[in-house]
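Hello,

Here is the structure I promised to pass on. Please open it first, then read the notes below it.

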Amino acid sequence: VTIIQETDYGTPARTSGVLVTLEVDGRTVTVPRGTSIMRAAMDAGVKVPKLCATDNLEPFGSCRLCLVEIEGRKGTPASCTTPAEAGMKVRTQSPKLAKMRRGMMELYISDHPLDCLTCAANGDCELQDMAGVVGLREVRYGYEGKNHLAAVRDESNPYFTFDPAKCIVCSRCVRACDEVQGTFALTINGRGFASMVSAGGKNFLDSECVSCGACVQACPTATLMEKTVIQRGQAEHSVVTTCAYCGVGCSFKAEMQGNQVVRMTPHKDGKANHGHSCVKGRFSWGYATHQDRILKPMIRAQITDPWREVSWEEAIGHAASEFRRIQAAHGRDAIGGITSSRCTNEETYLVQKMVRAAFRNNNVDTCARVCHSPTGYGLKSTFGTSAGTQDFDSVEDSDVIVVIGANPTDAHPVFASRMKQRLREGARLIVIDPRRIDLVKSAHVKADFHLPLAPGTNVAIINAIAHVVVTENLLAEQYVEERCEHEAFRRWRDFIAQERNSPEAVERLTGVPAADVRAAARLYATAAGLRSTTAWA
Amino acid sequence: VRGKVYIPRDAAAVSVGADAVARAIGDQLLSKRAETALVRNGSRGLFWLEPLVEVETRQGRIAYGPVTVDAVPGLFDGGFLEGNTHPLYLGLTEEIPYLKRQQRLTFARCGVTDPLSLTDYVSHGGYRGLERALTMAPATMVEEVIGSGLRGRGGAGFPTGIKWRTVLQAPAAEKYIVCNADEGDSGTYADRMIMEGDPFVLIEGMTIAALAVGASRGYIYLRSEYPNALLALQQAIAIAYAAGYLGQSVAGSGKAFDLEVRLGAGSYICGEETALLESLEGKRGQVRPKPPLPAIEGLFAKPTVVNNVISLATVPIILEKGAAFYRDFGVGRSRGTLTIQLAGNIRHGGLVETAFGMTLREAVYDFGGGTASGRPLRAVQVGGPLGAYFPESLLDTPLDYEAFAERKGLLGHGGVVVFDDTVDLARQARFAMEFCAMESCGKCTPCRIGSTRGVEVIDKIIANQGRDKNLQLLDDLCELLQDGSLCALGGLTPNPVLSALQHFPEDFHRVEARQ
């Protein structure tokens, strides 16, 4: 059992059909065009010193530790912001580079408290690592110059502290808030030496911050640090687990001291969250060891009896015998099972297995039925399966996104962050919802259309959109030809083209201005020329 | 109307009383029921003579200056409307040696015309460049600018036409023309003068740039410290729109170009082109790494031409008279004319536009007349706060990009600041670091922390604390700034520091000498 180490490639992966081959410290490496020299170097097994770069954020070029030399080029460009090019010969080590890196670290440390041994990040600090890597041995500026050592710590957030005295102003927190979470709560205040991370307002708690913790994770020092780590120290091993708070299914590393959680860190390999989390998954795990938590099985014969602690054997035996008794008295169908939408797929699978194999009936369901049954029915009739046809990653390839009756920023925040990333890149958005949900307008995200339909008129509005697509000849004819049953499609097309399905006709039902529906339908339909359209309901 | 009286509206002239003089002259004209029109022109750039009042006479324009309110009645009594002599009489304006010796191409109209009269502009050769450009293919226009040898007058000296060609060849649905009017270098005012004195030439230059690269929208990023320029630009843009020189169909060409002015918020670093673009996008004015070049991914990630005011204002004459006409001025790889701005401790401060190649000595003595204090000249800083301090022994350096670079100097935006022998170059070196510390955007480590440490280290040197070690440290710090900074602010800050150390070492040994 050890801490799970994740490799930081420094800059995000790039995809490109074109590959470029270059040489880094004599090693040949081939990477997609657009890849940074820093990442190419990592692929070649060469670590370039860095502080402001991390691979879930776009390169920034502020720390100047990752400078390299490129044969035939002037100067010492930063490897994080310089794209790899075919035929490049890159040197990551030279006496000149070593001197400059040491010089940068000397500047950093001239404005940093020298309390490593009592620091919460001791041994888990990139600044400390880099001081070691570059061989910093003295700080010739002394420590009596201008500094931030007296800067006041912000303890307002219940989960983490912000200690500006330790800040190196790499902006990783600011960028994580912008790029990963999309809340834009943080900024750099002031300029030059006075530059400081700021949450605006009085403090972190008083700000737009939603406590997702992306900034804490991004911080290379102890400036932003979980209070649990400050109190308990660092974990000695970690375990990969899945968050049960909502249906997104974020992967986490539970960082542990023995059987005590010290902190929860989203797992980079998580297919749903790719290293991001929301406030609940990251910080709201106090229940794990809460005194109210039931740790031993209890039974009671009737509701008026007090609970009685028993062994697992007795509890399971009692439940089984009661199920049998009810079935004997009232028939095999008298019992059943239901799972929560917060159960994992595996848990839900096991429950239905128990119901079918042990209860010998089909009385099994999941609470997702409440919201998901209409879509499930529709999907099953159309595609033969009631599961969604898209995975979360597909949002990255969507050019028009339709959100119907869902409120991702509230209900599935980690997915919402990813959707917002795509929207900020320029994807278009149609929100069909009676509520003015966050996505309609929030920081750097604005829906092209919000169709605030009256509750219960989903079918009418979808039909109206389809009506516009059909009657304005916006259908992707070839797509239909290849994939639809000809006769069934003709019947649907004739039906949908009827005047009673027009936006104008359904306006009195839905309350949505016909012109908006038409415009939204046109946007949706013409997106066929773009990469893809995804509907999230 | 019989005749005209010209009184500059230029902020420099106004700062020494031009508005009051204009009111006094206006009152006199009214009371005398004279049929003379009062025109508020741009400045000729002879600042020691401001307010410089000109009278249109049969022989030509006669200049008087510096005119005070008190002198106005006397001027009228002496018959200055007829061009009569007077103690303030300077003769024919064009014959004043300071002007006569210049080769004004970019500033040809500045101070001559009414800046907000489109008729004046056109009758003095305005919009002929655009007219000719409209007969050319975009690539031909770009070739013309490349052929002229025009280099960026903002300071970097990058060939303007090459930048345009990159933007022209970048495929995009939208492209932008951005004019960098964030003239922040100490001792510079050429941008301000032309924006106040001949705003249409900038509008025309930007319009040609747009046609050449296929842009349909332009922005002038203007520093907020230039309220008079803002007013002049806004009025000129409105006039150009009304006359069809801007808008959906520029001069009836069917090609659209929209132009607006955006104000900065008092930051020097927003004159750095990538920080400027960030600011223009409504973000914190912070430097972006390059690549990508703004010409490929600039404003709102679209291909963008970012050019200085003077570069763009020089485009019309190049397009009007052809590449060869412009290229024939200048020396070596510095073609055309340079507008230097004489400032600091100088007798005749003002704007001088001549072909590249004049020496710094000619500029400072023949035009500037030496120091204002009359004391011996000790140092000249060319190129703004990031330029090197040159001693007397380097005054014969010709004003051209390469000659300055060879001597570890910088032409920059053409600011020339003169110091007499009372200057302390150790203090000036400290100021360079302090300036960097004040204006640093705070993004990269060497500039954010290093500039502040630089001030401290120089303070220790001045106080003779561990001088040798600190001189070594200062050297290392300068190397770090020069080679490790993200942009030119940190990268060039060592220029004034190292030049002060190199040429004026005695100023750093002062304490020791005294002991």
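This is a predicted model: local features need pLDDT of at least 70, side-chain atom pairs count only at pLDDT 80 or more; totals for chains, interfaces and linings use all residues.

In chain A, helix 2 and helix 3 cross in a left-handed sense. Helix 2 of chain A covers residues 95-109, and helix 3 of chain A covers residues 126-134. Their axes come within 9 Å and cross at roughly 140 degrees. Helix 2 of chain A and helix 3 of chain A are therefore oblique to each other.

Which residues make the contact between helix 2 and helix 3 of chain A? Helix 2 of chain A supplies Arg101(A), Arg102(A), Met105(A), Tyr108(A) and Ile109(A). From helix 3 of chain A come Leu127(A), Met130(A), Ala131(A) and Val134(A). Of the residues in this contact of helix 2 with helix 3 of chain A, seven are nonpolar, none is polar and two are charged.

Helix 2 of chain A also packs against chain B. Its partner there is helix 18 of chain B, residues 445-462. The angle is about 65 degrees, and the axes are 10 Å apart. The crossing of helix 2 of chain A and helix 18 of chain B is left-handed. On the chain A side, Met104(A), Leu107(A) and Tyr108(A) take part. They meet Thr445(B), Pro446(B), Arg448(B), Ile449(B), Gly450(B) and Arg453(B) of helix 18 of chain B. The residues of this contact of helix 2 of chain A with helix 18 of chain B split into five nonpolar, two polar and two charged. Note Tyr108(A): it is in the contact with helix 3 of chain A and in the contact with helix 18 of chain B.

**Chain A against chain B**

Now the whole interface. Chain A gives 33 residues to the contact, and chain B gives 33 residues. Together the two chains bury about 2,800 Å², with 53% of it on carbon and sulfur atoms. In chain A, Arg140(A), Tyr141(A) and Arg191(A) lose the most area to chain B. Together they account for 23% of what that side buries.

**Salt bridges**

How many salt bridges link chain A and chain B? There are seven. Glu144(A) forms a salt bridge with Lys460(B), with the closest N and O atoms 3.4 Å apart.

Over all chains, the structure holds 70 salt bridges. One joins the side chains of Asp115(A) and Lys166(A), at 3.4 Å from N to O. Asp115(A) lies in the loop between helix 2 and helix 3 of chain A, and Lys166(A) in the loop between strand 5 (160-162) and helix 4 (172-181) of chain A, so this pair ties together parts that are 51 residues apart in sequence.

Best wishes

Terms used: Residues are numbered from 1 along each chain as its sequence is written. Chains are lettered from A and ligands numbered from 1 in the order in which they are written. Side-chain values use heavy atoms; hydrogens and water are left out. Axes are lines fitted to C-alpha atoms, for helices over the stretch in contact, and angles run from 0 to 180 degrees between N-to-C directions. Helices (H or I, at least four residues) and strands (E, at least two) are DSSP runs, numbered from the N terminus. Angles under 35 degrees count as roughly parallel, over 145 as roughly antiparallel, 65 to 115 as roughly perpendicular and the rest as oblique. A crossing is left-handed if the near helix is turned anticlockwise from the far one by less than a right angle, and right-handed if clockwise. Contact means heavy atoms within 4.5 Å. Ala, Val, Leu, Ile, Met, Phe, Trp, Tyr, Cys and Pro count as nonpolar, Asp, Glu, Lys and Arg as charged, and the others, Gly among them, as polar. Buried area is the accessible area (1.4 Å probe) that two parts lose on being put together, summed over both. A salt bridge is a side-chain nitrogen of Lys or Arg within 4 Å of a carboxyl oxygen of Asp or Glu.
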